Amino acid sequence: IQKQDYMLLEIKLPKEQSKSPLAMELVLNALHQSGPLASTWYDIYWKGGVRPWFSLELVSIEGDVRFFIWMRRSFRNFMESQLYAQYPEVELIEAEDYTNFIRYDKDKIDLWGCEFTLVKEDAYPIKTYVDYGLDDNPKEEEKIDPITPMIEFLGSVGPGQQVWYQIMVQMHKNREKKGITLWDKLFNNETDWKKDAQKVIDDILKRDSKTKISSEKIDDKPAITIISEGEKNVVTAIERSIAKNGYDVGIRALYVTEADKFEGITIGGMLSSWKQYGSNDLNAIKPSGGMTAFSYPWQDFRNIRKNRVKTRLFDAYRRRSYFYSPYKKEPFVLNTEELATIYHFPGSVAQTPTFKRIDSRKTQAPFNIPT
């Protein structure tokens, strides 16, 4: 990890951008790979290679809203080609890491942060752009884009304040089963997201785990499994979800301010910006860890624990560390459709005044230009 060279790519959007989140989904599909340094057991266990991960970042610096992608420098050309293929009018530039402009000092800087996880097990999908009808590419004035509330909130951040979101993604691979016997732990300890989702479907349909069809009979007639309309919709959503590529995901958010500029109401905005992706029948994104552990003043004498947590949150964010040491966490799984929903480039439906777009538009030179 330390030997790799990393960079931050900033994406500047044109004034007119009419692509649906499906364009970002195609970009994410192309990034779904283990990389050349972790393709075999020899690469991983002998040479120390790790699967590449990317950080999709949405940042507000005093209300100036920006999109970034953090990655290994070796992926730059590939990333740029994929972004230009779907968004030919964007401008891509290598940016200075915005986290380097702040040195965390508890006497001068105030900070609040947390990580996010799913309310239910990750077999259940969140509400996506397909559920909002963006896959049909409606007219711009008719669009209901779920990322717009987040951009509006980021645009409202005042002077001396910054809000950072990072969505770290890595190609999903098998993981250890939970709640298994010692035998399974030794010889059959792996499962994956799609197998877990299939078990959820079987439980909802009340199928037998082996035959997939209930073998019970009533009056010598085969039993018929009856499910409600809501259960049917859940099964349909899960089946659509596991038909797509999955990513291990970790989400982290920070609110960084000058010591005298901290506003508690901003924390509510940070948390509520994810509510539009939630559904009572399916899944939702909720805060966890970080500063959410401190609800009462008597939980921490003289802010000793809080200051330690703040320092670790800030350092973890700067390192983009989540899947490996020094800040290894338990990721959850989102598919490419879900990821494209929470991170894509909005069209002109997002009218936030501080959301800057480039004025020029890229076009090809006329064919009859003199030489």
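Over the face of which residue does K120 lie, and at what distance from the ring centre? The legends below describe close-up views of a predicted model.

**View 1. Two lysines lie over tyrosine rings.** K120 lies over the face of Y124, 5.1 Å from the ring centre. K127 is placed over the face of Y132, with 4.8 Å to the ring centre.

**View 2. Helix α3 has a buried side and another side with exposed residues.** The helix spans residues 76–86, and its buried residues are M79, E80, Q82, L83 and Q86. These residues lie on the same side of α3 because they cover an arc of only 165° around the axis. N77 and A85, on the other side of α3, are exposed. The buried residues of α3 pack against β1 (6–12), α1 (22–30), β2 (53–61), β3 (64–72) and β4 (91–95).

**View 3. F67 and Y343 form an aromatic pair.** The count of aromatic pairs in the model comes to 20. For F67 and Y343, the ring centres are 5.6 Å apart and the planes stand at 70°, so this pair is edge-to-face. F67 belongs to strand β3 and Y343 to the segment after α10 (336–342), so the pair ties together parts that are 276 residues apart in sequence. Both F67 and Y343 are buried.

**View 4. Y322 and F323 form an edge-to-face pair.** Their ring centres are 5.7 Å apart and their planes are at 70°, so the pair is classed as edge-to-face. Y322 has 4% relative accessibility and therefore counts as buried. F323 also counts as buried, because its relative accessibility is 5%.

**View 5. Six aromatic residues form one cluster.** The members of this aromatic cluster are F68, Y98, Y104, W164, F314 and Y317.

**View 6. Strand β11 is largely enclosed by the rest of the structure.** Strand β5 (residues 109–118) pairs with β11 in the antiparallel sense over eight bridges. Within this pairing, L111 stands opposite V256 in β11. Strand β6 (residues 161–171) runs antiparallel to β11 and is joined to it by 11 bridges. M171 has Y247 of β11 as its bridge partner.

**View 7. Strand β13 also pairs with β11.** The pairing of β11 with β13 (residues 332–335) is antiparallel and comprises four bridges. Here V249 has F332 of β13 as its bridge partner.

Conventions
Residues are numbered from 1 along each chain as its sequence is written. This is a predicted model: local features need pLDDT of at least 70, side-chain atom pairs count only at pLDDT 80 or more; totals for chains, interfaces and linings use all residues. Side-chain values use heavy atoms; hydrogens and water are left out. Buried means under 20% relative accessible area, exposed over 50%, partly exposed in between (1.4 Å probe, protein chains only). Helices (H or I, at least four residues) and strands (E, at least two) are DSSP runs, numbered from the N terminus. The arc is that of the directions from the helix axis to the C-beta atoms. Contact means heavy atoms within 4.5 Å. Rings of Phe, Tyr and Trp (its six-membered ring) pair if their centres lie within 6.5 Å; planes under 30 degrees apart count as stacked, over 60 as edge-to-face and the rest as tilted. A charge sits over a ring if NZ of Lys or CZ of Arg is within 6 Å of the ring centre and within 35 degrees of the ring normal. Two strands pair if DSSP finds at least two bridges between them.
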